[in-house]
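Thanks for coming. Please have the model open.

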Amino acid sequence: MIDFEFKVSASFNFLESFSKAFNVPVFDNTLVIPSKLGKGMIKFTPLEAGFKAVTHRYHLKQDFVMKRRAPDESHDMISILFYTNETPPTNVLNLPDKDRALLDSRDSAIQIASHDLDSDTRFAANSAVNFIAVGIEKSLLTSLLEVSSANSVVTTITRPGTTFFYQEHMTLDIQKLLKHLAVYNDQEKLSKMYFKLKITELLYLLFSELLKRESQVHTPINKMDVENLMMIREWILKDLSKPPQLAELAGKSGLSPTKMKQLFKQMYGDTIYNYYQKYRMEEAAFLLKHTGYAVSETGYSLGFTNLSHFSRLFKRHYGLTPKKYASVL
């Protein structure tokens, strides 16, 4: 296992720290993963004072654990991670490998965290690691956003001295933009300007979504809470044919039902049941489009005993009945 622990000080440079830890040279702000560890690269891009990005694209031969630790001195740098390779743990259907690969690759996530929250992130050996980590100071972010009427989420993120952790579902627009960044040529003229504009556009798209969230009183959160909530999310998505049982989830996580519901909505922007239904409908849409499953087959596989109810719910999410959705190219 590759274990990498670091503290996110205001001047922290992931590339330099990784380079020293594993004795790998850096050239032109780029570190090429040596063959003994795997393959790929990590690239650091300073955008302006208080604004930077690190691009991670690699496969490693061993499990890789990144242990982010709070710094000794407080600062107002925010970390925003755009993951493009999250694998939703779903066991709804025994799909052929080619269809399961499509399903597993369609989902992604964005994490927004304050600097003072510890976190451990594990990547399995030989899996594709693809994400962009953006660091930005709160004062700069506030000036970029220029929001006249912010909700509780944006207020919490931009307020000095707050501890927070949010996860946001990735929209198609953000996914498309990340795909463009994955193939852009940083040797072309004005490449740095292009990259900065696109990273700023990512922030615009992200905060456009965060501003849609319902305001609620911010509850302090810690590393254990975050880990418990991620486990709850995993349990919810493990089998989308079964609605989540709140008492069971609370018992397994060690959280009280009230705290679990409150923190889940704060972190993910929706109630547990609505979150489950959203992913349930996304799974249905995928199955209808990519696997050739009939409407009845799709509905029954996702736990619906009443296909009329399935059709109404699907239409509420996508504006089309399952049958019409499946027929649209």
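Start with Arg213 and Glu168, which form a salt bridge with their closest N and O atoms 2.8 Å apart. By salt bridge I mean a side-chain nitrogen of Lys or Arg within 4 Å of a carboxyl oxygen of Asp or Glu. The pair links distant parts of the chain, 45 residues apart: Arg213 is in the loop between α6 and α7 (223-238), and Glu168 is in strand β10 (residues 165-169). Helices (H or I, at least four residues) and strands (E, at least two) are DSSP runs, numbered from the N terminus. Both Arg213 and Glu168 are buried. Buried is under 20% relative accessible area, exposed is over 50%, and partly exposed is in between, with a 1.4 Å probe and protein chains only.

This is a predicted model, and local features need pLDDT of at least 70, side-chain atom pairs count only at pLDDT 80 or more, while totals for chains, interfaces and linings use all residues. Residues are numbered from 1 along each chain as its sequence is written, and side-chain values use heavy atoms, with hydrogens and water left out.

How many salt bridges does the structure hold? Twelve. Another of them joins Arg69 to Asp120, with the closest N and O atoms 2.9 Å apart. Arg69 lies in strand β5 (residues 64-69) and Asp120 in strand β8 (residues 119-123), so this pair ties together parts that are 51 residues apart in sequence. Arg69 is buried, at a relative accessible area of 17%, whereas Asp120 is partly exposed, at 35%. Arg69 and Asp120 also belong to a network of salt bridges with Lys223 and Glu227.

Next, Lys259 and Asp225: their side chains meet in a salt bridge, 3.4 Å from N to O. Lys259 sits in helix α9 and Asp225 in helix α7, 34 residues apart, so here again the pair links distant parts of the chain. Lys259 is partly exposed, at 32% relative accessibility, and Asp225 is buried, with a relative accessible area of 5%.

Now the nonpolar parts. The largest nonpolar core has 32 residues, and those with the most contacts inside it are Leu229, Ile232, Ile236, Phe264 and Phe314. Such a core is a set of buried Ala, Val, Leu, Ile, Met, Phe, Trp, Tyr and Cys residues joined through side-chain atoms within 4.5 Å. Two or more residues come from each of α7, α8 (246-253), α9, α10 (272-290) and α12 (307-318), and α10 gives the most, with eight. Ile236 touches Pro244, Leu249, Phe264, Ile272 and Tyr276, leaving out residues up to four places away in sequence; contact means heavy atoms within 4.5 Å. Apart from this core lies another, of 31 residues, among them Ile80, Ile110, Met170 and Ile174.

Leu190 counts as exposed, at 62% relative accessibility.

Last, confidence. pLDDT is the predictor's confidence in each residue, from 0 to 100. The protein averages 88, and 92% of the residues score at least 70. Where is confidence lowest? In helix α2 (residues 97-105), at a mean of 37, while helix α9 (residues 257-268) is highest, at 96. Over residues 86-106 pLDDT stays under 50, and the model has 49 contacts beyond four places in sequence for them. Where pLDDT is low, the predicted coordinates should not be read in detail.
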